[in-house]
Amino acid sequence: MENDLFWVEFVLPVFICVVLPVLVVLIVGLVRRNETNRKAEIMLKAIENGATVDPSFFESSKKKEKRMRTRKEKLHDNLTGGAICTAIGIALILIKVIFYLPDDDDISLMLIGGAVLLAIGIANLVIYFVGMKAFANEIEAEEKQEQIKQD
């Protein structure tokens, strides 16, 4: 019985807090090194065969996909975050009020968490609506530029 207690109280937290993060970092490092080695091997063969070499080949795929986000996209992220936080906050408050889950203390963690999420959600929604009014001209100009690029 004490052996089981040792595993639960000592070994399990050590594995979760020490070994698991070290293994994640190790695996990510090995994957990146393997990717770099494969790219280098491909480039060496291309150079040996006399093909032209594209310098952007060594850029990581994350950098290639990364692009400047428009104001409209950033504001829509605020709208999405605001809607989600508001909905979860209202749900937590309603669950506490309707079902009244009795606790030892009057104000429960569920009510406080719901109020905090509700406040964050409302703040994000206010940022969205104020931002849409304030940056309407800039958003319109960005949309016109995108249309010109696509044509």
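**View A. Lys-39 counts as buried, at 15% relative accessibility** (buried is under 20% relative accessible area, exposed over 50%, partly exposed in between; 1.4 Å probe, protein chains only). The model is predicted: local features need pLDDT of at least 70, side-chain atom pairs count only at pLDDT 80 or more, and totals for chains, interfaces and linings use all residues. Residues are numbered from 1 along each chain as its sequence is written, and side-chain values use heavy atoms, with hydrogens and water left out. The side chain of Lys-39 forms a salt bridge with that of Glu-35, 3.4 Å from N to O (a side-chain nitrogen of Lys or Arg within 4 Å of a carboxyl oxygen of Asp or Glu). About one helical turn separates Lys-39 from Glu-35, because they are four residues apart in helix 1 (helices are DSSP runs of H or I, at least four residues; strands are runs of E, at least two; both are numbered from the N terminus). Glu-35 is partly exposed, at 30% relative accessible area.

**View B. Lys-72 and Glu-143 are joined by a salt bridge of 2.6 Å, N to O**. This pair links distant parts of the chain, with Lys-72 in helix 3 and Glu-143 in helix 5 (residues 136-150), 71 residues apart. Lys-72 is partly exposed at 29% relative accessible area, and Glu-143 is partly exposed at 32%. The whole structure has four salt bridges.

**View C. Within helix 5, Lys-144 and Glu-140 are four residues apart, or about one helical turn**. Their side chains meet in a salt bridge of 3.7 Å, N to O. Lys-144 is partly exposed, with a relative accessible area of 47%. Glu-140 is also partly exposed, with 42%.

**View D. The rings of Tyr-128 and Phe-129 form an edge-to-face pair**. A search for aromatic pairs gives a count of one (ring centres within 6.5 Å for Phe, Tyr and the six-membered ring of Trp; planes under 30 degrees apart are stacked, over 60 edge-to-face, the rest tilted). The centres of Tyr-128 and Phe-129 lie 5.0 Å apart and the planes are at 70°. Tyr-128 is buried, with 10% relative accessibility, whereas Phe-129 is exposed, with 52%.

**View E. Asn-124 in helix 4 (residues 109-134)**. The relative accessible area of Asn-124 is 18%, so the residue counts as buried. Neighbours within four places in sequence aside, Asn-124 is in contact with Asn-78, Gly-81 and Gly-82 (contact means heavy atoms within 4.5 Å).

**View F. Lys-74 and Gly-131 lie 9.8 Å apart, C-alpha to C-alpha**. In sequence, Lys-74 and Gly-131 are separated by 57 residues. Lys-74 belongs to helix 3 (residues 71-99) and is partly exposed, at 47% relative accessible area.

**View G. Arg-71 lies over the face of Phe-135**. The distance from Arg-71 to the ring centre of Phe-135 is 4.2 Å (a charge sits over a ring if NZ of Lys or CZ of Arg is within 6 Å of the ring centre and within 35 degrees of the ring normal).
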